[in-house]
Amino acid sequence: MSMAYEEYMRQLVKPMRQELTQAGFQELRTEEEVESFLEESKGTSLVVVNSVCGCAAGLARPAVTQALITHDKEPDHLVTVFAGQDKEATAKMRAQFPDFEPSSPSIMLLKDNEVVHFIPREEIEDHEVEDIVDNLKSAMDQHC
């Protein structure tokens with residue numbers, strides 16, 4: 001790919017990344033960062049597989065941030081990988097959970113690095129933000 005294209009994509013997704021990082025999420029952009037996170041993290045973790053699609057912009061990211069802002073219980077760790085952008089990091093994260101089909105966007109709640117709740121694209125796309133928020137809050141009530 002051309003350098004101009006790569007720079008264009010970096011600039012295009014910058015606000016999409018910031019929406020989660022400003023909410024307290026740590027971006028995992030390399031395989032090594034994913035490995036390190038998985039080796040060192042204990043407790044509960046909220047993992048968002050971010051993407052450029054409309055359901056990520058209009059539903060997943062707003063639902064995740066709203067759930068965190070309006071809920072008392074919060075996971076110990078907030079992390080994100082960006083599908084289609086940080087391909088190796090996303091592949092590494094997905095490889096840790098082979099029982100779950102790759103889905104972008106998607107939201108996973110982990111407890112000691114085991115998936116205890118998974119919200120795939122099918123439960124994001126064509127759903128209301130409030131329904132996704134309620135889904136996530138219910139999972140946090142149960143596991144955080």
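Predicted model: local features only at pLDDT ≥ 70, side-chain atom pairs only at ≥ 80, totals over all residues.
**Ground rules.** I number residues from 1 along each chain as its sequence is written. Local features need pLDDT of at least 70, side-chain atom pairs count only at pLDDT 80 or more, totals for chains, interfaces and linings use all residues, and side-chain values use heavy atoms, with hydrogens and water left out.

**Salt bridges.** I looked these up with a simple cut-off: a side-chain nitrogen of Lys or Arg within 4 Å of a carboxyl oxygen of Asp or Glu. The structure has seven. One of them pairs Glu-7 with Arg-10, at 3.1 Å from N to O. About one helical turn separates Glu-7 and Arg-10, because they sit three residues apart in helix 1 (residues 3–21). Helices here are DSSP runs (H or I, at least four residues), as are strands (E, at least two), numbered from the N terminus.

**Cavity.** I found one cavity of 30 Å³ or more. A cavity is a set of points on a 1 Å grid over the protein atoms alone where a 1.4 Å probe fits but cannot get out, and lining residues have an atom within 4 Å of a point. The volume of the largest cavity, about 70 Å³, is the space filled by probe spheres set on points joined across faces, edges and corners. Its lining includes Val-49, Arg-94, Phe-97, Phe-100 and Phe-118.

**Backbone.** Most residues other than glycine have a negative phi, and most peptide bonds are trans. I noted a cis bond between Ser-104 and Pro-105, with omega about -5°. Pro-105 lies in the loop between helix 4 and strand 4 (106–111). Asp-112, not a glycine, has a positive phi near 50°. I placed Asp-112 in the loop between strand 4 and strand 5 (114–119).

Key:
1 Å grid on protein atoms, 1.4 Å probe; cavity = no way out; pocket = protein on both sides within 12 Å on 5 of 7 lines; lining within 4 Å.
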